[in-house]
Amino acid sequence: MALRIEDYALIGDTETAALVGRDGSVDWLCWPRFDSGACFAALLGSPDHGRWRIGPAAREPQVRRAYRDGTIILETCFETPEGAVMLVDWMPVRNGAPHLVRQVIGQRGRVPMRMELTLRFDYGRDVPWVTQLPDGDEGICAIAGPDMAVLRSPVPLRGEDMRTVAEFEVAEGQSLTFTLAYGPSHLPVPPPLDAEAAAAETEAAWRDWAGKVEEAGPWTEAVRRSAVTLKALTYRPTGGIVAAPTTSLPEWPGNERNWDYRYCWLRDATFTLLALLRTGHVEDARAWRDWLLRTTMGSPSQVQIMYGIAGERRLSEWQVDWLPGFEGSKPVRVGNNAHRQLQLDIYGELMDALHQAHRRGLAITPAAWDLQRSLMDHLEKVWEEPDEGLWEPRDRRRCFTHSKVMAWAALDRAVRGIEAFGLEGPLDRWRALRKTIHAEICDKGYDADRGSFVRSYGSREVDASLLLLPTIGFLPPEDPRIRGTIAAVEQDLLTDGLVRRYRTEHVSDGLSGREGAFLACSFWLVDAYALTGRRAEAVALYERLLALRNDVGLLSEEYDPRGGAMLGNFPQAFSHVALVNAGYTLADTGPEARQLRTGTPAGPDPEAGRAHA
Ligand SMILES: OC[C@H]1O[C@H](O[C@H]2O[C@H](CO)[C@@H](O)[C@H](O)[C@H]2O)[C@H](O)[C@@H](O)[C@@H]1O
């Protein structure tokens with residue numbers, strides 16, 4: 001039976017990640033990086049597009065899964081009429097060739113098992129040439145073009161219909177370890193892995209990291225699991241963070257809203273930085289901050305809204321026409337043309353993130369401040385332009401209210417950088433522009449009849465980004481315009497209690513079809529409720545959202561509340577960042593909590609007013 005998105009779990013080595021289904025099949029893996037071609041692409045097609053299944057030969061065993069505490073080492077337990085077996089899936093901390101390790105442990109009885117490896121490099125297309133490893137090394141070496149994968153097996157293997165298979169039995173107490181390594185095909189076969197030592201090292205590294213996640217009251221476990229997920233989406237060599245490890249999981253089954261998320265959006269990643277600061281992981285935040293500074297260096301007019309994980313700038317979009325897509329959702333896209341868009345909010349997110357990082361001890365160096373100043377110079381020139389905004393529509397630019405608010409936030413944090421930390425800059429000019437932008441938004445982005453801010457200047461529609469206004473500190477939460485905006489979002493965008501980004505049936509975005517409720521926006525409503533004193537509603541919604549996580553604590557980008565199914569790329573950093581932030585918002589009640597969330601140290605703030613006094 002075809003798996004649903006929530007049937008998958010994530011494993012990874014902070015350079016790439018794989019999705020493992022409840023049936024023991026690894027259906028998605030891009031090697032050696034998150035954004036490399038997939039060698040297992042069954043997720044977006046059929047088993048013939050590449051997968052690696054290990055599971056009981058019996059049909060439909062009972063399945064329970066969990067991560068080993070504080071890690072992304074996955075344990076899947078299969079119950080069969082013949083007995084029970086546990087499959088342990090993980091990717092070692094990289095120390096040489098990348099590996100995927102699968103350990104089969106007999107728990108009860110004697111269970112007949114089947115292993116089936118179908119390697120298809122380049123997103124499910126290229127069938128490799130397979131040779132046996134030399135005597136004494138049971139396994140195979142598979143090569144196609146630049147790619148090589150090497151399977152080492154504790155049981156005999158055979159070829160069958162362009163696949164490598166094995167049938168074996170595992171008895172109680174017995175343990176069998178399969179390893180799959182990746183290497184460029186021009187290099188020698190990677191040496192065997194010392195799986196026991198690598199397991200100990202990997203487990204200790206994850207546990208150590210997770211153990212440092214700060215408490216979030218009754219929500220500590222959920223926050224810790226999301227923090228671990230965010231760590232797994234971090235590309236360790238550079239500090240870049242992917243929005244999700246997948247491409248083209250549909251925002252609605254069968255429609256065209258399918259995107260490649262294996263890149264680093266400044267917005268998503270700065271939100272992740274803020275979440276990591278809150279979890280207490282200042283070193284991870286530093287790595288991302290350094291990535292950000294390196295990547296955005298150059299002409300300020302060429303700063304992009306997203307980059308490759310090593311800072312690559314060209315992310316041209318193309319369609320993988322040989323893949324039918326998840327549940328037939330075509331096209332499958334690689335690359336993302338959103339990289340060419342203008343999204344003014346990134347300036348505010350960037351200035352806010354660096355400001356908050358500074359407040360948490362990551363000093364703004366003179367070189368960083370010079371770069372920030374040049375970005376501010378550029379923003380002063382372009383802030384009035386229409387843009388694509390954070391929802392990245394593909395039809396036309398508009399003056400999005402959220403984009404202008406974030407331009408205001410950039411000015412606000414720049415001013416505060418001078419006021420609070422003595423940084424140098426044109427204080428009076430920035431203060432004046434901050435005031436001008438604030439006044440313009442309150443004039444053109446607010447609909448007095450509705451008593452609500454609106455999606456874009458002149459529109460009567462709301463979108464869910466407006467929920468962020470009190471969090472950003474644009475107006476105090478008590479302001480009637482904020483309360484009116486929350487009411488308008490509740491009226492227009494709630495679907496079965498979850499928040500949609502905007503009404504696709506009322507506003508054009510250049511795309512056909514509909515989409516599900518957006519999970520990050522639903523967490524933003526939790527924040528908005530909490531900030532406006534509606535704590536009981538905030539807690540109730542947060543608990544509901546936590547209950548939507550799958551059995552191993554993962555969330556996709558969107559959710560279909562009626563069909564009860566996850567939608568969109570998976571697992572999605574945006575959703576997990578919002579879960580972490582809302583958890584701390586609910587757990588913290590003191591004034592420091594609000595300061596940290598808004599990034600506004602106490603001080604005179606004529607526009608933001610009482611919320612931050
Ligand atoms: O649905 C339209 C857009 O969807 C993607 O963008 C969304 O995901 C981004 C990454 O998480 C997020 O930063 C953005 O705010 C979301 O709208 C996709 O990448 C776009 O190309 C697409 O137009």
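1. How much of the chain over residues 221-584 is helix, and how much is strand? The answer is 46% helix and 8% strand. Keep in mind that this is a predicted model. Across that stretch, the end C-alpha atoms are 12 Å apart.

2. Next, a sheet. Strands of a sheet pair through backbone hydrogen bonds, either parallel or antiparallel. Here an open sheet of three strands runs in the order S26-S27-S28, and the pairing is antiparallel. Strand S26 (517-518) and strand S28 (565-567) are the edge strands. Each of them pairs on one side only.

3. Look now at one pairing in that sheet. Strand S27 covers residues 558-560. Two bridges join S26 to S27, and these strands run antiparallel. Which residue in S27 is the bridge partner of Ala517? Find Tyr559: that is the partner.

4. Now the helices. Two packed helices are described by the angle between their axes and the distance between the axes. Take helix H4 (residues 266-279) and helix H5 (residues 282-296). Their axes come within 8 Å and cross at roughly 160°. Angles over 145 degrees count as roughly antiparallel, so H4 is roughly antiparallel to H5. The crossing of H4 and H5 is left-handed.

5. Which residues of H4 and H5 make the contact? From H4 come Ala269, Thr272, Leu273, Leu276 and Leu277. From H5 come Val282, Asp284, Ala285, Trp288 and Arg289. Sorted by type, the residues of this H4 and H5 contact are seven nonpolar, one polar and two charged.

6. Helix H8 spans residues 401-421, and helix H9 spans residues 427-444. How do their axes cross? The axes of H8 and H9 come within 9 Å, with a crossing of roughly 155°. That angle makes H8 roughly antiparallel to H9. The crossing of H8 and H9 is left-handed.

7. Now trace the contact of H8 with H9. On the H8 side, the residues include Thr401, Lys404, Val405, Trp408, Leu411 and Ile418. On the H9 side, they include Leu427, Trp430, Arg431, Leu433, Ile437 and Ile441. How many residues of this contact of H8 with H9 are nonpolar, polar and charged? The division is 12 nonpolar, two polar and five charged.

Terms used: Residues numbered from 1 in each chain as written. Predicted model: local features only at pLDDT ≥ 70, side-chain atom pairs only at ≥ 80, totals over all residues. Helix = DSSP H or I, 4+ residues; strand = E, 2+ residues; numbered from the N terminus. Pairing = 2+ DSSP bridges. Axes fitted to C-alpha atoms, helices over the stretch in contact; angles between N-to-C directions. Parallel < 35°, antiparallel > 145°, perpendicular 65-115°, else oblique. Left-handed = near helix turned anticlockwise from the far one by under 90°. Contact = placed C-beta atoms within 7 Å. Nonpolar A, V, L, I, M, F, W, Y, C, P; charged D, E, K, R; others polar.
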